Each structure stands twice: as C-alpha cells, then as structure tokens.
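Subject: Structure handover

Hello,

Please find the structure below, followed by notes on what was found in it.

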Amino acid sequence: MTDIATTTHRVSAGYDIVIAEAGDRSGPAVVFIHGSGPGASGASNFRQNIAAFVAAGYRVILPDMIGYGGSSKPEGIDYTLQLFTDTLYEALVAHGLTRASLVGNSLGGGVALQLALDHPDFVHNLVLMAPGCVAPREAYFVMPGITKMVSSFGGPEFDLAEQKRLVTNLVHPDFAPQIPDALVAERFAVARTQPKDVLMRMRTPDLSPRLADITQPVFVLWGLNDEFCPEAHARLFLDNCPDVRAITFGRTGHWVQVERAAEFNAYVTEFLDARR
C-alpha cells in the first residue's frame with residue numbers, strides 16, 4: 001500500500017483545494033488531473049497508477065479540483081475552465097511546486113492544456129488521456145456517453161446503483177465487470193456532497209485553435225471506443241502540436257489509465273523518464 005499524505009490550501013475567493021501526495025518529494029513532480037462526473041476525485045481517478053509512478057521515482061501529486069473530492073464545492077457559480085485552472089495553479093504553487101509534468105484525463109486534459117497555455121514555464125510535459133476542451137461545448141453534448149450520463153445526481157433518488165451505472169458508462173463493456181465496488185463507493189461518497197452546479201453550470205471553451213502554441217512534449221492516449229471524447233480528436237494534436245506522439249487502444253473506453261493501467265503506467269513512465 002502506497003502512503004498518501006493530504007494537504008489543504010486556501011486559494012482566492014476563500015476556496016479550499018485538497019492535494020494528495022505520494023512518493024519521494026525530491027523526485028520530479030507529476031500532477032494527475034482528474035476528469036468530471038459525479039464523485040470524481042484525484043485519488044479515485046488514478047488509484048491504479050499511483051504505485052507505479054512512485055516506484056519509478058516520481059513525486060505523485062493528486063489534486064481534487066474545485067467542486068470535486070474534498071475541495072470546496074460552491075453553489076451558484078459557473079464552473080468555467082478558467083476557474084478550474086486558476087484555483088488548481090494557485091494551490092500547486094502554494095504546495096511548493098515550480099515545475100511539473102501534467103497528466104490529465106477528460107476535463108483534466110483541458111485543464112492541463114489551459115495551464116500550459118497560461119503558465120508555460122510551469123509545465124514540463126503533457127500526458128493527455130481523451131482530453132476535452134478541443135471542440136465546441138455543444139459537440140460533446142451529442143456524444144452517446146454524455147447522453148447516458150443523465151441521472152438523478154444531486155437529488156435524493158441518487159443511489160449507489162446509479163453511481164455504478166455512471167462509472168460503468170466510462171469504460172468499454174469488456175472492462176465493466178472489473179470495476180471495483182470500492183471505487184464506486186468512494187465516488188458515491190463524494191457525489192453526495194456535490195451540488196448540481198458542478199455539472200449543470202460547467203463552461204468549457206474550444207482550445208483547438210491554440211494547440212499549435214503548446215511547445216512542451218505531448219503524449220496523447222485514447223480509447224478507440226470512447227463515447228465521451230471521440231478518438232478522432234487525437235488527430236487535432238498530431239496535426240497541430242509541434243512535439244507530439246499518440247497511442248490508441250482498441251476495445252477501450254474513456255478511462256485508458258484504468259482500463260489499460262499496466263500499459264498506461266509503462267508507456268507514460270517511459271515517456272517521462274526520457275525527458276527528465
């Protein structure tokens with residue numbers, strides 16, 4: 001079992017951002033940025049990756065973005081990409097980081113991109129798993145995975161069975177039986193504390209016109225059967241980023257880091273090792 005320490009940082013507007021950490025504090029920092037959805041958190045999104053990166057000598061940083069995990073969950077605000085990015089960056093700096101590689105999944109991939117654009121000197125490398133925010137917001141709403149995510153989230157009818165259905169939607173049917181009950185329970189405990197605004201008032205821009213401005217090395221990993229962020233978007237990075245490589249996994253959904261954990265850990269640590 002890998003030891004994980006947790007710290008809370010107060011950022012602008014009085015919000016608290018929770019950061020979990022594992023590994024050697026003297027090692028290169030890797031910040032894992034989770035995606036959206038009921039119950040998401042840094043630890044639950046990357047539970048199967050932490051030990052491998054710690055074993056490879058990395059300082060593993062697992063923040064809970066605003067609205068998620070143990071961080072503040074304000075109501076009555078728009079959850080914009082800039083809000084996610086600014087509060088995360090402020091917390092990472094308060095945590096003592098001056099430079100890090102970013103690993104982002106889905107919304108977390110969009111946050112990683114925005115952070116690289118806003119603070120290029122902070123970002124060493126980018127690892128993106130099915131990153132969002134590279135198409136108009138409306139384009140994502142017609143994806144079959146998004147339509148399946150309609151639920152009673154935020155209401156009294158939301159229960160553990162509904163949480164399991166939502167998590168199951170994230171993965172390929174081949175992997176669905178392997179989803180641990182503990183993961184579902186962990187996310188359910190968080191989901192019960194989240195306001196509907198976290199999802200209903202999320203606002204994300206299309207960053208694709210700015211991909212050519214990303215000068216850091218980029219590694220994109222995608223599931224061919226992703227129903228949330230289409231695998232075809234990998235071509236946007238290949239066509240526009242000056243330093244990029246991409247891998248697509250067959251019979252894999254939206255959670256490459258979970259569904260293909262062993263391969264993900266091996267490929268990404270190799271990528272980071274070559275660029276320390």
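Glu162 is buried in this predicted model, because its relative accessibility is 16% (buried means under 20% relative accessible area, exposed over 50% and partly exposed in between, with a 1.4 Å probe and protein chains only). Its side chain meets that of Arg165 in a salt bridge, at 2.9 Å from N to O (a salt bridge is a side-chain nitrogen of Lys or Arg within 4 Å of a carboxyl oxygen of Asp or Glu). Arg165 is partly exposed, since its relative accessible area is 31%. Both residues lie in helix H7, 3 residues apart, which is about one turn of the helix (helices, H or I with at least four residues, and strands, E with at least two, are DSSP runs numbered from the N terminus).

On conventions: residues are numbered from 1 along each chain as its sequence is written, and side-chain values use heavy atoms, with hydrogens and water left out. As the model is predicted, local features need pLDDT of at least 70 and side-chain atom pairs count only at pLDDT 80 or more, while totals for chains, interfaces and linings use all residues.

Salt bridges

The structure holds 14 salt bridges. One of them joins Arg235 to Asp239, with the closest N and O atoms 3.0 Å apart. These two residues are separated by about one helical turn, because they are 4 residues apart in helix H10 (residues 234-240). Arg235 and Asp239 are both exposed.

Arg276 pairs with Asp273, the closest N and O atoms being 3.5 Å apart. Arg276 is exposed, with a relative accessible area of 53%, whereas Asp273 is partly exposed at 38%. Glu21, Arg25 and Arg59 are linked in a network of salt bridges.

Pockets

The largest pocket holds about 900 Å³ of space. A pocket here is an open set of points on a 1 Å grid over the protein atoms alone, where a 1.4 Å probe fits, with protein on both sides within 12 Å along at least five of seven lines; lining residues have an atom within 4 Å of a point. Grid points are joined across faces, edges and corners, and the volume is the space filled by probe spheres set on the points.

Of the 33 residues that line the largest pocket, Ser36, Phe141, Ile146, Met149 and Leu199 are the closest to its centre. Helix H5 (137-141), helix H7 (160-169), helix H9 (197-200) and strand E8 (202-203) each give two or more residues to this lining. By type, the lining has 18 nonpolar, 11 polar and 4 charged residues (Ala, Val, Leu, Ile, Met, Phe, Trp, Tyr, Cys and Pro count as nonpolar, Asp, Glu, Lys and Arg as charged, and the others, Gly among them, as polar).

The second largest pocket holds about 160 Å³. Its lining has 13 residues, and those closest to its centre are Lys148, Val171, His172, Pro173 and Glu227. This lining divides into 5 nonpolar, 6 polar and 2 charged residues.

A loop residue

Pro74 lies in the loop between strand E4 (59-64) and strand E5 (79-80). Pro74 is buried, with a relative accessible area of 14%. Pro74 and Val198 are 124 residues apart in sequence, and their C-alpha atoms are 8.4 Å apart in space.

Regards
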